[in-house]
Amino acid sequence: MRVHVLPTERFKTYALSLFIGIPLSESRVTPVALTPFVLRRGTASYPETISFRERLDHLYGAGFGFDLYKRGDYQIVQMRLDIINDRFVSSDESLLKEAIRFLGEALTAPALEDGHFRTRYVEAEKTTVERRIEAIVNDKIRYAAERCVAEMCKDEPYRLLALGRKEDLPGLDAAKLHKQYEEWLGSAVLDLYVSGDTSLAEVVPLVENAFRLPAGSPDRYAPPELRKPRSEPQTVVERLEVGQGKLNMGLRTASTYGDAHYPALLVYNGILGAFPHSKLFINVREKASLAYYASSRLDGHKGLLTIQSGIEIENFERALGIIREQLAAIQAGQISVEEMERTKAMLANQLRELQDSAYERISFDFNNVLSATERTGESLLAEVEAVTPEQVTEAARGVGLDTIYFLRDRKGEG
Amino acid sequence: MTVRNYPKLQETLLVAKLDNGLEVFILPKPGFTKTYATFTTRYGSVDNRFRAAGHEERRVPDGIAHFLEHKMFEEPEGDVFARFASQGASANAFTSFDRTVYLFSATGAVEANVDTLLDFVQNPYFTDENVEKEKGIIVQEINMYRDNADWRVYFGLIEALYRNHPVHIDIAGTPDSVRSITKEMLYDCYRTFYHPSNMTLFIVGGVDADAMLERIKANQARKTFEPAGPIERFFPEESAEVRTPRKEATLPVSLPKCIFGYKEEPGPQSGDAAIRRELTTKLMLDALLGASSPLYQELYDDNLISDSFGHEYNTGPGYAFSAIGGDTRDPDALLAKVGQAFAQAAERGIEEAVFERTRRKRIGAYLRMLNSPEAIAGEYTRYYLKGGDLFKVVELYESMTVGEINERLREHADPSRLAVSIVRGGEGSA
């Protein structure tokens, strides 16, 4: 496990983030997704969930949680712990030491019975994961986004949800899951970040005592497989009981975070749809009054760009037409001086701002781990400043529309 | 101008009231690269009946405060977002029940961005054409929320609790009420509620407080405002009873969503007593329903709740209610169990040890919140408008007793004032 320390006196807390990544695959996605749900139920020292959570309350309400997501072709589990710096409270223990110990135990010394996870926890968390997967449809904006990506990537592991597959859950029991967990720990790339008023010299010995990890885990992430868009974009229409239509579009980019062309792609996305001054907001919302939201999002690790908007169902063709005009406009080099300036100023602001959030600084640095780059906020900013309109046009020509997804109502259904 | 020091928190706040009545707060955060600013008017969706000094009483269409918020961003020379973008600032705004907040965050050109914030909010520009154009956008915003099951179940609870008080009216209004809004109405509301004496400016981040205050003073000195009298706000009589004990709706959801809560007397409206009541209620709810409570674990083990289960306490001018719930396979079983737990706790009392642990947890959460400029600006202003001081919260927690929490519990959890809102998946839905 690599340990990264970002020393700072800016915050009233220590923030810990642990990234655990393995290649996305059909056979492992569900057990890996289920694992952190089970780990948060109890540890060897705090085997009952109530005692586990009481311990967190006792550590001044330390914020413990985890996320599951996809980065490039990897499935990442991120565990987080945010705890008060002792200087603000009258604590009888070193809170940083206790935090590292707690996180280490949560990952490497879970509550066990008969040499494997507790059955009661595994069964309960199977239900929780199943319900989480089912609940994606409750949020139509997220549902449409997930469905669009799944349609676009239907021949790649990236189609899978980071939460795994519902149909795999019944086949997992406490013993099988525990075996998968051990394999996962032995084969995943592990990075621990600590941000706060501390140093590498202080953190490393604490980590060595707290984490009992098998030796020999890989130390690098492989670059993602870049695919070309379909020669003719596919259109997928899905019907549900909704009032508002959700128009989502999936596009493929020609470069990723690790490439020298990435800053041009960032500027491209800014001009297209990342901001309220972007072409999508101005033309779909402000000029045509078709939508409340119309934006684009760049996934630089996988090489995808997505567009999303909520519209009146009968306005599908019109909205799609306006969005395609914006894509074509940038490819034709229609980029104003103001668009370039505003986009660069906004990107510069984002890159500077992230210094004020411990978790954002950590995530930014972790991008370097994922992509084998050595960018700092300042160096990426300098790269962004140097991007020319010609480079943006070049980046635009490498972005190809692949999938048009429309979630609509059931009226007139044949 | 006064400087307030909070040595335990290692925070220093500069406070000033300008000649035109604007209240200014500046909190320097050494080492921070970003500055975050909010410009807040005491005007939200509940202020739909009012009388400005020297004018007739008015009843305005639902959703007008929110409409006004949208329209402020348009200036004769174009969209304000573009100007903020040129200055590297990310701007936004939102409308709640009792406030409208305009904000930006920036890492450079901070003084110019503060000027832009003050200038655009203090320069209304409404035309028949730009007001008409906005209606399509807002109707899409309303439609987006109508498809949002979490919003629907939450608002369903407020509709079940309140018959007359305008808190039960959707903040954005309805498509019809939005279509009835004219530029004249917007100007009327603007003149009433956007006078500097009804507003506060909060700036937090890597700023020089004195220089910033001078800049703000100079900006305000360039503008003239008619003297403003007090604003009278009228709220209809609201009975202590809930409007309906149960409200159900159908939307495509995977599991029913269920939120219930107790309606109570609005209680003290401002000052330390109001803040104290809010914090004791929240602590009490956390002790009973938080993730480390035996009740939570029991409900989770019985498969009646998921990680979505939560609780909150909401108060404002003339209303106060709790909201408890989340996704559940069986709303009635959940309601019965939680109702029973409240009754039992009211009888036996919350234990001292549970109270202590919960208090410790909440103090920690409060201190963690102080890392976030956005949260500080939002919460400080909210406390201030309620007549309290966000930076005295730790002392307030330290002065609480378990007896006080138990008294709050008995007062709040009156089963005759409980209502529930449920959203279920209909036939043929997901």
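Here is a working chat about a predicted model with chains A and B.

Biologist: Let's start with chain A. How many helices and strands does chain A have?

Modeller: Chain A has 14 helices and 12 strands. Its radius of gyration is 23 Å, close to the 22 Å that the globule rule gives for 414 residues, so chain A is as compact as a globular protein of that length.

Biologist: And what box do the C-alpha atoms of chain A fill?

Modeller: Roughly 60 × 50 × 40 Å, if you take it along the principal axes.

Biologist: What share of chain A counts as buried?

Modeller: Of its 414 residues, 51% count as buried. Here's another number for chain A: take the contacts between residues at least 6 apart in sequence, and 82% of them join residues at least 24 apart.

Biologist: OK, now the two chains together. How many residues of chain A are in contact with chain B?

Modeller: 52 residues of chain A are in contact with 53 residues of chain B.

Biologist: Which elements of chain A give two or more residues to that side?

Modeller: There are helices and strands on the list: α2 (49-58), β4 (74-84), α4 (119-135), α9 (279-287), β10 (291-299), β11 (304-311) and α11 (337-353) of chain A. The one that gives the most is α11(A), with 8 residues.

Biologist: What classes of residue are on that side of chain A?

Modeller: The side of chain A that touches chain B has 19 nonpolar, 15 polar and 18 charged residues.

Biologist: Switching to chain B. How is chain B divided into domains?

Modeller: Domain 1 of chain B covers 2-233, and domain 2 covers 246-424. Their C-alpha centres lie 28 Å apart. As for touching, 36 residues of domain 1 of chain B are in contact with 31 residues of domain 2 of chain B.

Biologist: What on domain 1 of chain B touches domain 2 of chain B?

Modeller: β2 (11-17), β3 (23-28), β4 (35-41), α5 (149-161) and β11 (199-205) of chain B each supply at least two residues of that side. The largest share comes from α5(B), which puts in 10 residues. By class, the residues on that side of domain 1 of chain B are 19 nonpolar, 6 polar and 11 charged.

Biologist: Which residues of chain B does the UniProt annotation cover?

Modeller: The unreviewed UniProt entry has "domain: Peptidase M16 N-terminal" over residues 57-174 of chain B. In the model, that span is 51% helix and 18% strand, and its end C-alpha atoms lie 23 Å apart.

Biologist: Let's look at some strands. What does β5 of chain B pair with?

Modeller: Strand β5 (residues 49-52) of chain B pairs with strand β6 (residues 57-59) of chain B in the antiparallel sense, over 3 bridges. β5(B) also pairs with strand β12 (residues 231-233) of chain B, again antiparallel and over 3 bridges.

Biologist: Which residues stand opposite each other there?

Modeller: B:Arg49 stands opposite B:Arg59 in β6(B). On the β12(B) side, B:Phe50 has B:Arg233 as its bridge partner.

Biologist: And which residue takes a positive phi in the hairpin of β5(B) and β6(B)?

Modeller: That's B:Gly54, with a phi near 80°, in a hairpin that has 4 residues between the strands.

Biologist: Where do A:Asp114 and A:Ala372 lie?

Modeller: In loops. A:Asp114 is in the loop between β5 (112-113) and β6 (116-117) of chain A, and A:Ala372 is in the loop between α12 (358-371) and α13 (377-385) of chain A.

Biologist: Is A:Asp114 buried or exposed, and what about A:Ala372?

Modeller: A:Asp114 is exposed, because 10 other C-beta atoms lie within 10 Å. A:Ala372 is exposed too, with 12 other C-beta atoms within 10 Å.

Biologist: Last one: where does B:Ala274 lie?

Modeller: B:Ala274 is in helix α9 (residues 272-289) of chain B. B:Ala274 is partly exposed, with 19 other C-beta atoms within 10 Å. Leaving aside neighbours within four places in sequence, B:Ala274 is in contact with B:Gly267, B:Pro268, B:Gln269, B:Lys386, B:Gly387 and B:Gly388.

Note on methods
Residues are numbered from 1 along each chain as its sequence is written. Chains are lettered from A and ligands numbered from 1 in the order in which they are written. This is a predicted model: local features need pLDDT of at least 70, side-chain atom pairs count only at pLDDT 80 or more; totals for chains, interfaces and linings use all residues. UniProt positions are given in the numbering used here, feature names are shortened, and annotations may be inferred rather than shown by experiment. The radius of gyration is taken over C-alpha atoms; the globule rule is 2.2 Å times the number of residues to the power 0.38. A residue is buried if 20 or more other C-beta atoms lie within 10 Å of its own, exposed if 12 or fewer, and partly exposed in between; C-beta atoms are placed from the backbone. Two residues are in contact if their C-beta atoms, placed from the backbone, lie within 7 Å. Domain bounds come from an automatic or database domain assignment. Ala, Val, Leu, Ile, Met, Phe, Trp, Tyr, Cys and Pro count as nonpolar, Asp, Glu, Lys and Arg as charged, and the others, Gly among them, as polar. Two strands pair if DSSP finds at least two bridges between them.
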